[in-house]
Amino acid sequence: MKRRWSSKVVDAVSSVPPMRVEYLVPIVVMLMLWVGLSSFGLAKEKSFVMVLVMGQTYAIWRNLPTAAAQLSQPDRDRSRMLYWPVGAMLMLAISQLIISSPIFSQRILSAACIFVLVVMILGMRREDEVLERVSPNSVVRGKLMARVSLLRVNALAAGTVLIVNELLIQSGSLTVWMTGMALFAMILHALYWFMVLMVMPPEDNPV
């Protein structure tokens, strides 16, 4: 059993994919913008908020096509529903720029993590209830167990980001937060994939 477990750990570590360019470039760009805006004499607080808003905007823009594709399925023709989340995010971005408070923008990340954490926990509870009614030997049960495992991984990832964000906030330094969060994003990529590879059956590994 120990050998099988250690072998699985080694396989998971060796199978972690490298961070894609589309994920790495925004991190580098945000750091460059942070340094560039600060060097031009702009107040650190304003530079910090502007960089975070740019990062949020990019994240929304990048994930919008996927969200639109999912919502425009034949049985879920709800593309207009995108107007509400996009409108809400635009209002949130404008609010951050007007308030121009780093702690406000930092707490938004914490709030987003808590939201994801709650959604994942609710999803796990619902899936667990379904599992109790499914035959232990059925294929459906195996798929549900895989889904629950992914929900747990997502919940753990959200909780980790929440903790790291709060710890970096406590440092009181915007430079420490920006640098620490950039490094953590790269570490989280490897940690997330490691957890996924550990909990998913070999045939379900998304790598």
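User: Which residues form a nonpolar patch on the surface?

Analyst: This is a predicted model. Its nonpolar surface patch consists of Val-21, Val-25, Val-29, Leu-33, Leu-42, Met-50, Met-54 and Leu-97, which together have about 600 Å² of accessible area. Two elements, helix 2 (21–39) and helix 3 (44–71), each give two or more residues to the patch.

User: Which helix gives the most to the nonpolar patch?

Analyst: Helix 2 does, with 4 residues. Val-25 is found in this helix.

User: Why does Val-25 count as partly exposed?

Analyst: A residue is called buried under 20% relative accessible area and exposed over 50%, with partly exposed in between. Val-25 has 41% relative accessibility, and therefore it counts as partly exposed.

User: Where does UniProt place the feature "transmembrane region"?

Analyst: According to the unreviewed UniProt entry, this feature covers residues 21–42, 81–99, 105–123, 144–164 and 176–200. In the model, residues 21–42 are 86% helix and 0% strand, with 29 Å between the end C-alpha atoms. For residues 176–200 the figures are 96% helix and 0% strand, and the end C-alpha atoms lie 35 Å apart.

User: Is Met-181 buried or exposed?

Analyst: Met-181, a residue of helix 7, counts as buried because its relative accessibility is 13%. Residues up to four places away in sequence aside, Met-181 touches Leu-109, Asn-165, Leu-168 and Val-176. Met-181 and Ile-27 are 154 residues apart in sequence, while their C-alpha atoms are 9.3 Å apart in space.

User: How many helices and strands does the chain have, and what pattern does the chain follow?

Analyst: There are 7 helices and 2 strands, arranged along the sequence as α-α-α-β-β-α-α-α-α. Of contacts between residues at least 6 apart in sequence, 66% join residues at least 24 apart.

User: What share of the chain counts as buried, and what supplies the area that the chain exposes?

Analyst: Of 207 residues, 29% count as buried. The chain exposes about 13,600 Å², of which carbon and sulfur atoms supply 69%.

Note on methods:
Residues numbered from 1 in each chain as written. Predicted model: local features only at pLDDT ≥ 70, side-chain atom pairs only at ≥ 80, totals over all residues. Heavy atoms only, no water. Patch = residues over 30% accessible without salt bridge, like charges linked within 9 Å, V, L, I, M, F, W, Y side chains within 5 Å. Areas by Shrake-Rupley, 256 points an atom, 1.4 Å probe, with all protein chains shown as cover. Salt bridge = Lys/Arg side-chain N within 4 Å of Asp/Glu carboxyl O. Buried < 20%, exposed > 50% of the residue type's maximum accessible area, 1.4 Å probe, protein only. UniProt positions renumbered as here; feature names shortened; annotations may be inferred. Contact = heavy atoms within 4.5 Å.
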